[in-house]
Amino acid sequence: MKTIQVTINGELYQETVPIRMLLVDFIRERCGLTGTHVACTYEGVCGACTVQLDGEAIKSCMLLAVQADGHRITTVEGLANGSDLTPLQTAFKAHHGLQCGFCTPGILMNMTEFLEKNPEPTDDEIRYGLIGNLCRCTGYVHIVDAVRAASKVAKQGGQDGG
Amino acid sequence: MVDNTRDSVSWLGARLARKEDLRLITGQGKYIADMVLPRMLHAIFVRSDYAHALIKGIDITEALALPGVVAIITGDEMRTHCKSMRQPVLTPNLPAKYPLYYGLAVDKVKFHGDPIAMIIARDKYVAEDAAELVVVDYEELPPILEPAEALKTGSPKVHEEEADNLMFEMTFTGGTTPEEQQNHAVEVEKIFQAAEIVVGAEFRVHRTGTTPMETRGVLADWSNSDGLLVYNTTQRPHIDRLAFADVLDIPAEKVRVIAPRDMGGAFGLKAPFYREGVVVAYAARKLGRPVRWIESRYESLMSIGQERGQVNTMEVAATREGKLLAVRNRGVADVGTGQIGVYWGFVMPFLGTVELPNAYTWEAGDISLKVAFTNKACLTPSRAFGHFPTRFAIERAVDMVARRCGLEAADVRRQNIIPKLPYTSVTGEYYDSGDFLKVWDNLMIQADLPAFRRAQLSARADGRYIGIGFGCGVELSGVASELMVPMENQPGYGAATVRLDPRGKAFVLGGDAPGGQGHETTISQIVAATFGINPEDIVITTGDTGVTPFGSGTIGARMGSYFASAVRKACDELREKITHVLAHDLGVRATMEEFAFTDGEVVYIRDTSKRKSFCEIVERIIMFPINLPEGEVGGLETTAFFEAAKPMICFNADMCTVEVDLRTGDFKVLKWLTSEDVGNVINPMIVDGQMHGAIIQGLSNAIFEEFIYNDQGQQMTADFEHYKLATAADVPDIEITYASTPCPHTPLGTRGIGEGRPSAVSGALCNALCDALSPFNIEITELPIRPNVIWQKLKAAGAVT
């Protein structure tokens, strides 16, 4: 067991956890932030557990909770500011970028960072940027539409893309 | 009858953003894995390491001694304390072998992944540790893996108590007695003998499925007074409720099943009644504590979600002008153990064979199916239920006819597409309505085949190989009782309760259980349009057997066909009552049709000064039920049931273009274009999304996904690194177009859509690949289709060295 301190969505969590506890289980079960999902066998393929660690999109099933000690994490619950959605969230709603919504939090966390680094992506770049996120409902068509739309919003508004 | 003209507020057909989305994009969805009850225990299954072995003993001593482990349940306990899974509510009315089985394996394991024991612990990590400590003493048996071998006389048996491995056998054409069938086969053979052209092949389709992103999960709780409460990832909670009651021997009124409002996809995988849920529910009752099982992806890919695996030996007879005459097909499906509640693995190939003739006018067919038990996971329903293999075969065969005739495959299709509906196919499937040729012609206008042929010629001059392929598909729009009762021992009708609120809001209660299709939005649009109120003022509850009317589930495109129609019918019954009271209050003699529900008001059309707000009249009837018309009572709530007189369908046609790299066999889909008859559309954005998802599932199935067993029956593809789903970078954009005909048998002219949609994809894709490679006379007859296969074919044809 080890006592760790992790800041998630601006809130400090100090918890004593087994060394072997996965970060995704810490986020979901200890902190109750169930927007982060698990869809593969903790193998880093599906991307549903994607969160941001110090601003970088990572798969939280591939880290232990103890490795996040002293770090800052953002989950899907931390994207919107109260009822103000980010441009990317708004675009997902406007373009029907989700159906069952299970993969969506991971995609939002990945694409938020993606658009920060590449505010004006081509469709091919968006598609390659999504390789780490599996979606089974949408066929990706509306997801690509939504990310493209959010990138334009970012460009016009001079914002950071989400 | 079609009548949506009276909806002056046109929510019908609006691209309304989904009501579901806000919670899902902010992390507030509530899926099964997010549900926690006080004192909840965690369950995990120990599964078989072997495809076929006797269980000589199970030693749980060490596992049970691990601190944190509460109980371990094995097959013997399930056999002693629960009934088998062979209950009438779970068993079709079709003559098949239904091998006896329980929540856990007893005596023998029959596939790699067969559940042997369930560990229950306070912590899921501890449960996994304990699973490692369970020692199973196996006596290995040779696995039975090939259907052809399994069906041979004297083959070892998957199920010792059954006579052989032939689970199901049926001839779909030409009579009911062996003699009639033989005579019919002779007649069909005469057509083949006389035909100018006969093509045929053994069309092989691999095991693949539709694998939702959320695995299964069950959370069961027991109360001595209220009985069993089960949260279950299921498409059909009402069927599950009856099944839990029967298998666990609990009075049905003491069982409540709730499908979580948010389910992470289902696609048929969550339609069966699964044995794991029974063990979890049994444990909750035994321990008097909530027990939850969240399936791992590993066990999901091992034990469920596998469909399609089938060989169809097909021949088609045609004239030199490309007129299709007769089809002969011998299907053999590899069903695995055949042990999955409701479907038993064979219902899919059964229906898939019924759907084999597709949209073409055959003079005759000689079509039969055999289904074999093997030591593999039982086939599980997957979107395009059963007919992915037969559709691949028939669409490829049509192209083979065209090539032999020297005609465009598109022209051969148009010549043979059923020109007028209704129509009954050679297998007896009823096609109720629509205009197939309108859909086809719409596709061809947009496809611009002559332009493509010119581009193809000039590309070939540059050494580039591009091709164009077509396919089409008749799909079920809901599943009528006429089909559901024999096939699944269940009704097909839709049911909905609509409850109006004294504040002028509406609640809709439905017994189906969606998994991402947007029911909350679509149903709200229907209710809003019918009452002239806002979709935001409507709340939809699905999936809870404690409060919803009986529904057979979210299966077979029942939403746009049956559920939507039941909702509309219930709304109309309430409109009737509202206008009856309002006419009385206004002192006019008027029928429902003489009132308009618009912009939150109910208006008397003949004198529009006579009106009342919807909210006021609803509140008056619910809260102030005095001075009512004679015979009328207060309250505004009703449950309506909808059943069409005949089964209903929808129709689609696909075109795709591809480019093949001759050096490597690698290929790329350049364009995917469709034409759809989906009837009247409630929300075009949602319908587009359904089509996109279905088509990409079809492509992913055809190219990437494949469940592979090795020669010992070990499942080799039980994670997403080996069972590859298409990523965004693997697949093309999709262009959907519509050429719809309103369905005359639903109140809103809607059709149920999206379920069968993946099936047309593999044929169109392979037809395009064969077209691209037509100089080398390559025919693709086997899925999956991958660059290495194409390269081998090119090599065999001498195109590459």
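A residue is buried if 20 or more other C-beta atoms lie within 10 Å of its own, exposed if 12 or fewer, and partly exposed in between, with C-beta atoms placed from the backbone. Keep that scale in mind for several stops below.

This is a predicted model, in which local features need pLDDT of at least 70 and side-chain atom pairs count only at pLDDT 80 or more, while totals for chains, interfaces and linings use all residues. Residues are numbered from 1 along each chain as its sequence is written, and chains are lettered from A and ligands numbered from 1 in the order in which they are written.

**Stop 1: positive phi**

Most residues other than glycine have a negative phi, and most peptide bonds are trans. Start with the exceptions to the phi rule.

Select B:Ala557. Its phi is near 55 degrees, a positive value in a residue other than glycine. B:Ala557 sits in the loop between strand S21 (538-542) and helix H17 (558-586) of chain B. Helices (H or I, at least four residues) and strands (E, at least two) are DSSP runs, numbered from the N terminus. Is B:Ala557 buried or exposed? B:Ala557 counts as buried because it has 28 C-beta neighbours inside 10 Å.

Now select B:Asp107. This residue is not a glycine, yet its phi is positive, about 65 degrees. Look for B:Asp107 in the loop between helix H3 (75-81) and strand S4 (108-109) of chain B. B:Asp107 is exposed, with 11 other C-beta atoms within 10 Å.

**Stop 2: cis peptide bonds**

Go to B:Pro422. The peptide bond from B:Leu421 to B:Pro422 is cis, with omega near 0 degrees. B:Pro422 belongs to the loop between helix H12 (409-416) and strand S16 (423-424) of chain B.

Next, pick B:Pro784. The bond that joins B:Leu783 to B:Pro784 is also a cis peptide bond, with omega near 0 degrees. B:Pro784 is in the loop between helix H20 (761-772) and helix H21 (787-796) of chain B.

**Stop 3: two helix pairs**

Show helix H16 (residues 519-531) of chain B with H17(B). They pack at an angle of about 30 degrees, with axes 10 Å apart. Axes are lines fitted to C-alpha atoms, for helices over the stretch in contact, and angles run from 0 to 180 degrees between N-to-C directions. H16(B) is therefore roughly parallel to H17(B). Angles under 35 degrees count as roughly parallel, over 145 as roughly antiparallel, 65 to 115 as roughly perpendicular and the rest as oblique.

Then show helix H11 (residues 388-405) of chain B with H12(B). Here the angle is about 115 degrees and the axes are 8 Å apart. H11(B) and H12(B) are therefore roughly perpendicular to each other. On H11(B), select B:Val398, B:Asp399, B:Val401, B:Ala402 and B:Cys405; they meet B:Ala409, B:Val412 and B:Arg413 in H12(B). Two residues are in contact if their C-beta atoms, placed from the backbone, lie within 7 Å.

**Stop 4**

Select B:Asp164, in the loop between helix H5 (147-150) and strand S7 (166-171) of chain B. B:Asp164 counts as partly exposed, with 17 C-beta neighbours inside 10 Å. Draw a distance to B:Phe614. The two C-alpha atoms are separated by 65 Å, and the residues are 450 apart along the chain.

**Stop 5: where the chains meet**

Finish with both chains displayed. In chain A, 43 residues are in contact with 44 residues of chain B. Colour helix H2 (87-94), helix H3 (104-117), helix H4 (123-129) and helix H5 (141-157) of chain A: each supplies at least two residues of the side that touches chain B.
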